[in-house]
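Let's take a friendly walk through this structure, one region at a time. Have a look at it first.

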Amino acid sequence: MMAQAATFCSEGFVGMKEQEKTKTWFSRQIKQNADALYSVAVRLTRNRAAAEDLVAESVIKAWSAIATLDNRDRFRPWLFRIMHNRFLSDCRKRSVRPVETSWSEQSEEGCGEEVTALLLEQPEEFLAWWATPERAFVNRLLGEQIRKAIDELPEVFRVTVLLVNVDGLAYDEAAEVLGVPTGTVRSRMKRGRTLLQTALWQQAKEAGLTGGAKFSE
Amino acid sequence: MNEMTQGHHHSDDDIGCLEAIEWLYAWLDGELDQGSVEQLEHHLQHCKSCYSRNEMERALTQRIKETSDEKTPPTLQKRLDKLLDEF
(Lines give C-alpha, C1' and ligand atoms only; values in the text may rest on other atoms or scores of the structure.)
Protein backbone atom coordinates (compact mmCIF):
# COMPACT_ATOMS: atom_id res chain seq x y z
CA MET A 1 0.00 0.00 0.00
CA MET A 2 2.81 2.36 0.94
CA ALA A 3 4.68 1.43 -2.20
CA GLN A 4 1.62 2.22 -4.29
CA ALA A 5 1.20 5.63 -2.61
CA ALA A 6 4.85 6.41 -3.12
CA THR A 7 4.57 5.50 -6.79
CA PHE A 8 1.47 7.63 -7.14
CA CYS A 9 3.19 10.57 -5.46
CA SER A 10 6.24 10.09 -7.58
CA GLU A 11 4.19 9.97 -10.81
CA GLY A 12 2.16 12.94 -9.69
CA PHE A 13 5.34 14.90 -9.00
CA VAL A 14 6.82 13.95 -12.33
CA GLY A 15 3.53 14.80 -14.06
CA MET A 16 3.44 18.25 -12.46
CA LYS A 17 7.04 18.89 -13.35
CA GLU A 18 6.30 17.98 -16.96
CA GLN A 19 3.29 20.29 -17.00
CA GLU A 20 5.40 23.15 -15.64
CA LYS A 21 8.04 22.48 -18.26
CA THR A 22 5.39 22.45 -20.98
CA LYS A 23 3.93 25.70 -19.66
CA THR A 24 7.36 27.37 -19.58
CA TRP A 25 8.09 26.16 -23.10
CA PHE A 26 4.64 27.27 -24.34
CA SER A 27 5.02 30.75 -22.79
CA ARG A 28 8.40 31.18 -24.43
CA GLN A 29 7.00 30.15 -27.83
CA ILE A 30 4.07 32.56 -27.53
CA LYS A 31 6.37 35.44 -26.60
CA GLN A 32 8.67 34.64 -29.53
CA ASN A 33 5.77 34.50 -31.98
CA ALA A 34 3.56 37.27 -30.59
CA ASP A 35 4.64 39.96 -33.08
CA ALA A 36 4.25 37.59 -36.03
CA LEU A 37 0.84 36.42 -34.82
CA TYR A 38 -0.35 39.97 -34.33
CA SER A 39 1.03 41.08 -37.74
CA VAL A 40 -0.95 38.42 -39.54
CA ALA A 41 -4.02 38.98 -37.35
CA VAL A 42 -4.06 42.70 -38.22
CA ARG A 43 -3.95 41.97 -41.94
CA LEU A 44 -6.53 39.18 -41.60
CA THR A 45 -9.08 41.17 -39.61
CA ARG A 46 -8.12 44.63 -40.93
CA ASN A 47 -8.91 45.84 -37.42
CA ARG A 48 -6.46 46.19 -34.53
CA ALA A 49 -8.93 45.53 -31.70
CA ALA A 50 -10.26 42.45 -33.50
CA ALA A 51 -6.66 41.35 -34.14
CA GLU A 52 -5.89 41.48 -30.40
CA ASP A 53 -8.96 39.36 -29.67
CA LEU A 54 -8.01 36.89 -32.39
CA VAL A 55 -4.47 36.46 -31.03
CA ALA A 56 -5.64 36.07 -27.42
CA GLU A 57 -8.36 33.56 -28.34
CA SER A 58 -5.90 31.60 -30.48
CA VAL A 59 -3.42 31.39 -27.60
CA ILE A 60 -6.16 30.09 -25.27
CA LYS A 61 -7.18 27.50 -27.89
CA ALA A 62 -3.56 26.49 -28.45
CA TRP A 63 -2.94 25.92 -24.73
CA SER A 64 -6.11 23.87 -24.37
CA ALA A 65 -5.01 21.70 -27.30
CA ILE A 66 -1.29 21.53 -26.52
CA ALA A 67 -1.48 17.79 -25.74
CA THR A 68 -2.47 17.15 -29.38
CA LEU A 69 0.74 18.72 -30.73
CA ASP A 70 2.78 15.68 -31.74
CA ASN A 71 5.93 17.44 -32.89
CA ARG A 72 7.09 20.59 -31.10
CA ASP A 73 9.21 21.54 -34.10
CA ARG A 74 5.91 22.15 -35.91
CA PHE A 75 4.58 24.50 -33.21
CA ARG A 76 4.66 27.59 -35.43
CA PRO A 77 2.56 26.26 -38.33
CA TRP A 78 0.29 24.53 -35.78
CA LEU A 79 -0.27 27.81 -33.93
CA PHE A 80 -0.90 29.76 -37.12
CA ARG A 81 -3.33 27.10 -38.26
CA ILE A 82 -5.28 27.50 -35.02
CA MET A 83 -5.43 31.25 -35.58
CA HIS A 84 -6.43 30.89 -39.23
CA ASN A 85 -9.20 28.41 -38.33
CA ARG A 86 -10.38 30.72 -35.57
CA PHE A 87 -10.53 33.61 -38.04
CA LEU A 88 -12.57 31.54 -40.52
CA SER A 89 -14.87 30.41 -37.71
CA ASP A 90 -15.42 34.03 -36.58
CA CYS A 91 -16.21 35.04 -40.16
CA ARG A 92 -18.79 32.26 -40.43
CA LYS A 93 -20.40 33.30 -37.15
CA ARG A 94 -20.69 36.87 -38.39
CA SER A 95 -21.90 35.60 -41.79
CA VAL A 96 -18.92 37.30 -43.40
CA ARG A 97 -17.57 35.52 -46.42
CA PRO A 98 -13.78 35.58 -46.16
CA VAL A 99 -13.05 33.76 -49.42
CA GLU A 100 -13.70 36.12 -52.25
CA THR A 101 -11.88 34.78 -55.25
CA SER A 102 -13.02 34.04 -58.73
CA TRP A 103 -10.22 31.50 -59.09
CA SER A 104 -11.28 27.88 -59.09
CA GLU A 105 -9.77 25.85 -56.25
CA GLN A 106 -9.81 22.82 -58.54
CA SER A 107 -7.49 24.49 -61.02
CA GLU A 108 -4.87 25.56 -58.50
CA GLU A 109 -2.43 22.74 -59.21
CA GLY A 110 0.16 23.26 -61.92
CA CYS A 111 -1.03 26.71 -62.86
CA GLY A 112 2.19 28.00 -64.43
CA GLU A 113 0.40 28.45 -67.74
CA GLU A 114 -2.42 30.29 -66.01
CA VAL A 115 0.06 32.67 -64.41
CA THR A 116 1.51 33.40 -67.82
CA ALA A 117 -2.02 33.92 -69.13
CA LEU A 118 -2.74 36.23 -66.22
CA LEU A 119 0.31 38.29 -67.10
CA LEU A 120 -0.76 38.45 -70.72
CA GLU A 121 -4.19 39.73 -69.64
CA GLN A 122 -2.65 42.80 -68.02
CA PRO A 123 -2.65 46.17 -69.76
CA GLU A 124 0.21 46.71 -72.20
CA GLU A 125 1.81 49.39 -70.07
CA PHE A 126 1.82 47.09 -67.04
CA LEU A 127 3.67 44.48 -69.04
CA ALA A 128 6.16 47.11 -70.12
CA TRP A 129 6.77 47.98 -66.49
CA TRP A 130 6.77 44.32 -65.47
CA ALA A 131 9.48 43.48 -67.99
CA THR A 132 11.68 46.44 -67.15
CA PRO A 133 10.88 47.22 -63.54
CA GLU A 134 12.66 49.94 -61.66
CA ARG A 135 13.78 49.42 -58.14
CA ALA A 136 13.19 53.11 -57.47
CA PHE A 137 9.55 52.62 -58.34
CA VAL A 138 9.16 50.10 -55.51
CA ASN A 139 10.97 52.43 -53.14
CA ARG A 140 8.59 55.27 -54.03
CA LEU A 141 5.56 53.23 -53.01
CA LEU A 142 4.18 54.27 -49.66
CA GLY A 143 3.67 51.74 -46.90
CA GLU A 144 -0.01 52.62 -46.94
CA GLN A 145 -0.25 51.78 -50.64
CA ILE A 146 1.37 48.40 -50.03
CA ARG A 147 -0.93 47.66 -47.07
CA LYS A 148 -3.99 48.63 -49.14
CA ALA A 149 -2.90 46.39 -52.01
CA ILE A 150 -2.41 43.47 -49.61
CA ASP A 151 -5.76 44.09 -47.91
CA GLU A 152 -7.54 44.08 -51.24
CA LEU A 153 -6.07 40.79 -52.43
CA PRO A 154 -8.59 37.93 -52.64
CA GLU A 155 -8.52 36.13 -49.29
CA VAL A 156 -6.78 32.91 -50.32
CA PHE A 157 -3.87 34.81 -51.88
CA ARG A 158 -3.70 37.41 -49.10
CA VAL A 159 -3.37 34.82 -46.36
CA THR A 160 -0.80 32.79 -48.30
CA VAL A 161 1.36 35.83 -49.11
CA LEU A 162 1.22 36.91 -45.45
CA LEU A 163 2.21 33.50 -44.12
CA VAL A 164 5.12 33.09 -46.53
CA ASN A 165 6.37 36.66 -47.06
CA VAL A 166 5.60 38.23 -43.69
CA ASP A 167 5.94 35.31 -41.29
CA GLY A 168 8.56 33.48 -43.30
CA LEU A 169 6.82 30.10 -43.21
CA ALA A 170 8.12 27.49 -45.63
CA TYR A 171 5.65 26.36 -48.31
CA ASP A 172 5.03 23.07 -46.50
CA GLU A 173 4.40 24.93 -43.24
CA ALA A 174 1.97 27.34 -44.92
CA ALA A 175 0.29 24.31 -46.52
CA GLU A 176 -0.11 22.81 -43.05
CA VAL A 177 -1.67 26.04 -41.77
CA LEU A 178 -4.09 26.30 -44.67
CA GLY A 179 -4.84 22.59 -44.95
CA VAL A 180 -3.93 22.49 -48.65
CA PRO A 181 -1.20 20.71 -50.67
CA THR A 182 2.23 22.37 -50.94
CA GLY A 183 1.71 22.83 -54.69
CA THR A 184 -1.36 24.94 -53.95
CA VAL A 185 0.72 27.26 -51.77
CA ARG A 186 3.27 27.57 -54.58
CA SER A 187 0.60 28.46 -57.14
CA ARG A 188 -1.16 30.86 -54.76
CA MET A 189 2.13 32.66 -54.16
CA LYS A 190 2.62 33.16 -57.90
CA ARG A 191 -0.87 34.46 -58.40
CA GLY A 192 -0.82 36.50 -55.22
CA ARG A 193 2.41 38.24 -56.24
CA THR A 194 1.14 39.00 -59.72
CA LEU A 195 -2.19 40.34 -58.45
CA LEU A 196 -0.39 42.40 -55.81
CA GLN A 197 1.94 43.92 -58.38
CA THR A 198 -0.97 44.73 -60.67
CA ALA A 199 -2.80 46.45 -57.79
CA LEU A 200 0.32 48.37 -56.77
CA TRP A 201 0.95 49.47 -60.30
CA GLN A 202 -2.64 50.71 -60.62
CA GLN A 203 -2.38 52.61 -57.35
CA ALA A 204 0.98 54.09 -58.25
CA LYS A 205 -0.34 55.10 -61.65
CA GLU A 206 -3.30 56.86 -60.04
CA ALA A 207 -0.92 58.60 -57.62
CA GLY A 208 1.35 59.68 -60.48
CA LEU A 209 4.29 57.62 -59.24
CA THR A 210 4.92 55.82 -62.51
CA GLY A 211 6.46 58.80 -64.24
CA GLY A 212 9.86 57.13 -64.60
CA ALA A 213 8.54 54.02 -66.33
CA LYS A 214 8.53 53.86 -70.12
CA PHE A 215 5.02 53.02 -71.22
CA SER A 216 3.76 52.35 -74.70
CA GLU A 217 0.80 54.72 -74.30
CA MET B 1 5.25 41.20 -76.80
CA ASN B 2 8.08 41.60 -74.34
CA GLU B 3 11.19 39.52 -73.86
CA MET B 4 9.82 37.66 -70.85
CA THR B 5 6.70 36.37 -72.57
CA GLN B 6 8.80 34.91 -75.40
CA GLY B 7 10.63 32.59 -72.99
CA HIS B 8 13.90 34.10 -74.14
CA HIS B 9 17.08 31.97 -73.89
CA HIS B 10 20.52 33.60 -73.82
CA SER B 11 22.55 30.45 -74.60
CA ASP B 12 21.89 26.75 -75.25
CA ASP B 13 22.44 25.73 -71.63
CA ASP B 14 20.51 28.70 -70.23
CA ILE B 15 17.07 28.49 -68.69
CA GLY B 16 14.42 30.69 -70.33
CA CYS B 17 13.11 33.91 -68.86
CA LEU B 18 9.73 32.40 -68.01
CA GLU B 19 11.41 29.59 -66.11
CA ALA B 20 13.75 32.10 -64.47
CA ILE B 21 10.78 34.08 -63.12
CA GLU B 22 9.16 30.88 -61.81
CA TRP B 23 12.41 29.92 -60.10
CA LEU B 24 12.95 33.43 -58.83
CA TYR B 25 9.71 33.25 -56.85
CA ALA B 26 10.78 29.95 -55.30
CA TRP B 27 14.25 31.38 -54.59
CA LEU B 28 12.81 34.43 -52.82
CA ASP B 29 10.75 32.11 -50.63
CA GLY B 30 13.74 29.87 -49.83
CA GLU B 31 12.27 26.97 -51.77
CA LEU B 32 14.80 26.52 -54.59
CA ASP B 33 17.43 23.74 -54.52
CA GLN B 34 21.11 24.70 -54.79
CA GLY B 35 21.55 23.38 -58.35
CA SER B 36 18.65 25.47 -59.59
CA VAL B 37 19.92 28.52 -57.67
CA GLU B 38 23.21 28.28 -59.57
CA GLN B 39 21.40 28.01 -62.92
CA LEU B 40 19.22 30.95 -62.02
CA GLU B 41 22.20 33.06 -60.94
CA HIS B 42 23.88 32.23 -64.25
CA HIS B 43 20.76 33.40 -66.12
CA LEU B 44 20.58 36.62 -64.08
CA GLN B 45 24.19 37.42 -64.94
CA HIS B 46 23.31 37.33 -68.63
CA CYS B 47 19.77 38.72 -68.72
CA LYS B 48 19.30 42.39 -67.90
CA SER B 49 15.51 42.10 -67.86
CA CYS B 50 15.44 39.23 -65.36
CA TYR B 51 18.21 40.85 -63.31
CA SER B 52 16.04 43.97 -62.98
CA ARG B 53 13.05 41.84 -62.16
CA ASN B 54 15.06 40.05 -59.45
CA GLU B 55 16.01 43.42 -57.96
CA MET B 56 12.41 44.61 -58.02
CA GLU B 57 10.96 41.38 -56.59
CA ARG B 58 13.47 41.40 -53.73
CA ALA B 59 12.76 45.05 -52.97
CA LEU B 60 9.01 44.47 -53.08
CA THR B 61 9.17 41.36 -50.89
CA GLN B 62 11.22 43.34 -48.37
CA ARG B 63 8.73 46.26 -48.48
CA ILE B 64 5.80 43.87 -47.97
CA LYS B 65 7.51 42.42 -44.92
CA GLU B 66 8.46 45.82 -43.52
CA THR B 67 5.02 47.34 -43.97
CA SER B 68 3.22 44.30 -42.55
CA ASP B 69 5.47 43.78 -39.54
CA GLU B 70 3.66 44.90 -36.41
CA LYS B 71 4.82 45.10 -32.82
CA THR B 72 2.54 43.57 -30.24
CA PRO B 73 0.78 46.54 -28.57
CA PRO B 74 1.17 46.88 -24.76
CA THR B 75 -2.53 46.09 -24.23
CA LEU B 76 -2.17 42.74 -25.98
CA GLN B 77 1.17 42.09 -24.29
CA LYS B 78 -0.45 42.52 -20.86
CA ARG B 79 -3.38 40.36 -21.89
CA LEU B 80 -1.07 37.56 -23.05
CA ASP B 81 1.07 37.78 -19.90
CA LYS B 82 -2.08 37.47 -17.79
CA LEU B 83 -3.30 34.49 -19.81
CA LEU B 84 0.04 32.72 -19.61
CA ASP B 85 0.12 33.26 -15.83
CA GLU B 86 -3.31 31.78 -15.46
CA PHE B 87 -2.63 28.63 -17.51
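## A helix tucked inside

The buried residues of α9(A) pack against α3 (75–93), α8 and α10 (182–206) of chain A, together with α1 (17–28) of chain B. Helices here are DSSP runs (H or I, at least four residues), numbered from the N terminus. This is a predicted model, where local features need pLDDT of at least 70, side-chain atom pairs count only at pLDDT 80 or more, and totals for chains, interfaces and linings use all residues. Residues are numbered from 1 along each chain as its sequence is written, chains are lettered from A and ligands numbered from 1 in the order in which they are written, and side-chain values use heavy atoms, with hydrogens and water left out.

So how enclosed is α9(A)? Helix α9 (residues 171–178) of chain A has 6 of its 8 residues buried, so it is largely enclosed by the rest of the structure. Buried means under 20% relative accessible area (1.4 Å probe, protein chains only). Those buried residues are A:Y171, A:E173, A:A174, A:A175, A:V177 and A:L178. Just after α9(A) comes A:G179, with a positive phi of about 70 degrees.

A:V166 sits in helix α8 (residues 155–166) of chain A. A:V166 is buried, at a relative accessible area of 3%. Setting aside neighbours within four places in sequence, A:V166 is in contact (heavy atoms within 4.5 Å) with A:S39, A:V161, B:I64, B:K65, B:S68 and B:D69.

## The second largest pocket

Now for some open space. A pocket is an open set of points on a 1 Å grid over the protein atoms alone, where a 1.4 Å probe fits, with protein on both sides within 12 Å along at least five of seven lines; lining residues have an atom within 4 Å of a point. The second largest pocket has a volume of about 150 Å³, the volume being the space filled by probe spheres set on the points.

Its lining includes A:V164, A:N165, B:R58 and B:K65. The largest share, 4 residues, comes from α3(B).

## Nonpolar cores

A nonpolar core is a set of buried Ala, Val, Leu, Ile, Met, Phe, Trp, Tyr and Cys residues joined through side-chain atoms within 4.5 Å. In the largest one, with 63 residues, A:F26, A:V55, A:F75, A:M83 and A:V185 touch the most other members. Helix α1 (residues 2–45) of chain A gives the most to this core, with 11 residues. A second, separate core of 15 residues includes B:A26, B:L28, B:L40 and B:L44.

Methods: Helices (H or I, at least four residues) and strands (E, at least two) are DSSP runs, numbered from the N terminus. Buried means under 20% relative accessible area, exposed over 50%, partly exposed in between (1.4 Å probe, protein chains only).
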